[in-house]
Amino acid sequence: MSGLVVALWIANLVLDTGGQLAFKAAAGDERAGDGLARWKYMLARPWIWVGIGCYVAEFLVWIAFLSLVPLSEGVLLGSINIVAIMVAGRFLFKEKLTPLRVTGILLVAVGVAVVGFGA
Amino acid sequence: MKRFYLIGFAMLMAFDTLNLICFKLAGNHALPVEMSVEWLARVFSHPWIYGAIVGYIGAFLTWMSLLKHAPIGPAFAASHLEVISVMALSWWMFSEPVTVTQIIGAVAIIAGIVCLAFAEGDEEASTDAVTA
């Protein structure tokens with residue numbers, strides 16, 4: 001894989017994880033209330049905009065990435081995002097990592113590594 | 001009700017697959033990759049990019065209606081198992097070679113997704129038990 005491909009892969013990973021965590025932070029704020037007031041509260045704070053910005057950038061990074069690698073390989077390498085989200089959720093939102101989750105995370109990570117080194 | 005889920009999960013996979021195939025087609029059309037307005041113009045001048053956007057919207061709406069009732073575990077698995085359909089289609093549509101390392105990696109990734117789906121299911125069952 002070329003340097004550009006690796007850079008796009010990492011950028012996709014960071015933007016996807018950052019976007020999801022920002023949306024989680026926006027949606028999980030308990031002071032936000034309900035209904036329309038909740039949306040007003042969320043839109044007046046930065047997190048939801050950080051999330052949207054990440055997703056817009058990710059859209060372009062992902063197209064660029066997929067145009068440079070075979071699609072089957074790209075979609076397998078992109079699975080690493082699942083791992084990043086779960087690990088970040090553990091540290092930032094204190095989500096539990098049960099043995100079954102850890103097994104799943106390790107299997108996905110090993111699979112991505114096998115595909116990545118084989119490419 | 002079971003049929004509703006099956007159709008829902010199949011639709012989710014289909015929209016995700018459509019999204020990825022269209023992304024690939026639009027991206028190929030816009031090559032070479034460069035950080036420029038010209039590249040952006042090439043991406044958005046190609047009809048496939050709008051197919052990708054349809055895939056996004058369709059997947060989002062399907063996901064939201066599924067989550068209203070469906071258990072999160074199988075929903076999670078269905079939302080990530082498009083790797084299987086995408087690999088099959090890339091081999092068929094783009095004549096991409098499927099190598100042994102790719103198959104080994106794919107099997108590990110799919111097994112991992114299935115584990116995570118069961119982990120979500122367990123968690124939901126235990127929170128249900130607590131609230132019940």
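Q: What do buried, exposed and partly exposed mean here?
A: Buried means under 20% relative accessible area, exposed means over 50%, and partly exposed lies in between (1.4 Å probe, protein chains only).

Q: What kind of model is this?
A: This is a predicted model, where local features need pLDDT of at least 70, side-chain atom pairs count only at pLDDT 80 or more, and totals for chains, interfaces and linings use all residues. Residues are numbered from 1 along each chain as its sequence is written, chains are lettered from A and ligands numbered from 1 in the order in which they are written, and side-chain values use heavy atoms, leaving out hydrogens and water.

Q: Ok, B:W91. Buried or exposed?
A: B:W91 is exposed, because its relative accessibility is 56%. B:W91 lies in helix α5 of chain B. Helices here are DSSP runs (H or I, at least four residues), numbered from the N terminus.

Q: Which residues form the nonpolar patch?
A: B:W91, B:W92, B:M93, B:V98, B:I103 and B:V107. Together they have about 670 Å² of accessible area, from the Shrake-Rupley method with a 1.4 Å probe, and for residues only the protein chains shown count as cover. Patch residues have over 30% relative accessible area and no salt bridge; nonpolar side chains (Val, Leu, Ile, Met, Phe, Trp, Tyr) are joined within 5 Å, like charges within 9 Å.

Q: And which helix gives the largest share?
A: α5(B), with three residues. Both α5 (82–93) and α6 (100–131) of chain B supply at least two each.

Q: New topic. How many salt bridges are there?
A: Two over all chains. A salt bridge is a side-chain nitrogen of Lys or Arg within 4 Å of a carboxyl oxygen of Asp or Glu.

Q: Which residue does A:R31 pair with?
A: With A:D29, the closest N and O atoms being 3.2 Å apart. A:R31 is exposed because its relative accessible area is 66%. A:D29 is buried because its value is 19%.

Q: What about B:E34?
A: B:E34 meets B:R42 in a salt bridge, 3.3 Å from N to O. B:E34 is partly exposed, at 33% relative accessibility. B:R42 is partly exposed too, at 23%.

Q: Is the cysteine A:C54 buried or exposed?
A: A:C54 is buried, because its relative accessibility is 15%. B:C115 is buried as well, at 15%.
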